[in-house]
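The sequence and structure are shown first, followed by notes grouped by topic.

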Amino acid sequence: MAQNDIGIDLGTTSVIVAVEGKGIVLNEPSVVAVDTKHDKVLAVGSEAFAMVGRTPAHISAVRPLKDGVISNHVLTKEMIRRFVNRVYDSRMIKPRVAVCVPAAITGIESDAVVEAVVSAGARQVFLIDEPIAAALGSGIDITQPQGHMVIDIGGGTTDIAIISLGGKVQASSVAVAGNMLDEEILKHVRAKFNLVIGLRSAEELKKTVACCPQLAYSGQTEVKGRSLTTNLPQRQIVRTEDLYEPVMKCVEQLGEAAHQVLEKTPPELAGDIYAQGIVLTGGSAQLKGLPEYFSEKLKVNVRVSPDPVNCVAMGTARCLSMGDQLETGFCDATPRMGRR
Ligand SMILES: Nc1ncnc2c1ncn2[C@@H]1O[C@H](COP(=O)(O)OP(=O)(O)O)[C@@H](O)[C@H]1O
Ligand SMILES: [Mg+2]
């Protein structure tokens, strides 16, 4: 049975597909390249990503899922259809597909996702909440009457949730995550060094040298950009310490949001979380010093999930074999005659 089950993490940055028993079978940027003159999708995923910023006027490379919501239904559907067809030959056995959708998407948006998955040949479609999938994929047994706290920090949003007995008890979603870090780093480098850099260079700085000051780490790297003074290309050494300000501007908002969720948590569950600690998932959980920051701020043990990037997709695939044990945040969304 499990071989026909696939899980899709529909992220704003990337789409990751997992198959129970096989692991990750697809990991592609959530980008679509469109020929606007002929109204045609040219490419999806990494092929489309390579075109970002390099396209002629009539071709645009877009991210159809922006800030955790579906900004373009038609393109999102086409992207999902192509990805599912890549991992599954639906002329053979039709798969059961679970999709993890961003917390902020509306009913109409999730209908579009379901429609896309059905048109790609799925026999049954399920929707699962991101924190539940993230917890499952991190190896947490969420079916027990015990509280767990998961903070998923992706590209567009950070989702914070307290989970117990297979359901969400408290949750919050904020639009502060990896993309905002990139933008803040870009702005800071411009102000501090009079240097204009691109978002990709800002992201590189974030991944290589940026760190929260709570971790004793110091690195440096060279970035290239355009000088605001001379208007000519310029190189600049950027050190970890140079980026404390933009990093903390974003990270403190996350700490505050997590604090507010903990404040609203019933005391028994809060006690569990103090005993068990907090798990960080998502690509941005890899920001250096983030567990140290959260531990200091919340006075709790914090660890990064063993596979922070893939755990949502893994958990999404896994949920299909444990449907009965999941109370909320998981539903059969297969369209039926006369009812949804
Ligand atoms: N080593 C790293 N350090 C900090 N941020 C990282 C690192 N690797 C990836 N990221 C960031 O993770 C984000 C993507 O996370 P992901 O969980 O894939 O997002 P989404 O669920 O929104 O698709 C991006 O902003 C990316 O820059
Ligand atoms: Mg995600």
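Ligand 1 has 17 residues around it, and those that come nearest are Thr12, Thr13, Glu203, Lys206 and Gly283. The model is a predicted one.

- Glu203, one of the nearest residues, has an N or O atom of its side chain 2.5 Å from an oxygen atom of ligand 1.
- Lys206, also among the nearest, places a polar side-chain atom 2.6 Å from an oxygen atom of the ligand.
- At Ser14 the backbone is involved: one of its polar backbone atoms is 3.2 Å from an oxygen atom of ligand 1.
- On its own, ligand 1 has 580 Å² of accessible area, and the protein covers 87% of that area.

**Make-up of the shell**

- The shell around ligand 1 consists of 13 polar, 3 charged and 1 nonpolar residues.
- Two helices, H5 (178-193) and H6 (199-208), each contribute at least two residues to this shell.
- H6 gives the most, with 3 residues.

**Packing of H5 against H7**

- H5, which supplies part of the ligand shell, also packs with helix H7 (residues 244-263).
- The axes of H5 and H7 are 8 Å apart, and the angle is about 150 degrees.
- Angles over 145 degrees count as roughly antiparallel, so H5 and H7 are roughly antiparallel to each other.
- The crossing in which H5 passes H7 is right-handed.

How values were computed: Residues are numbered from 1 along each chain as its sequence is written. Chains are lettered from A and ligands numbered from 1 in the order in which they are written. This is a predicted model: local features need pLDDT of at least 70, side-chain atom pairs count only at pLDDT 80 or more; totals for chains, interfaces and linings use all residues. Side-chain values use heavy atoms; hydrogens and water are left out. A residue is near a molecule or strand if one of its heavy atoms lies within 4 Å of it. A polar contact is a pair of N or O atoms within 3.5 Å; within protein, one must be able to donate a hydrogen and the other to accept it, and residues adjacent in sequence count only if both atoms are side-chain atoms. Accessible areas come from the Shrake-Rupley method with a 1.4 Å probe; for residues, only the protein chains shown count as cover. Helices (H or I, at least four residues) and strands (E, at least two) are DSSP runs, numbered from the N terminus. Ala, Val, Leu, Ile, Met, Phe, Trp, Tyr, Cys and Pro count as nonpolar, Asp, Glu, Lys and Arg as charged, and the others, Gly among them, as polar. Axes are lines fitted to C-alpha atoms, for helices over the stretch in contact, and angles run from 0 to 180 degrees between N-to-C directions. Angles under 35 degrees count as roughly parallel, over 145 as roughly antiparallel, 65 to 115 as roughly perpendicular and the rest as oblique. A crossing is left-handed if the near helix is turned anticlockwise from the far one by less than a right angle, and right-handed if clockwise.
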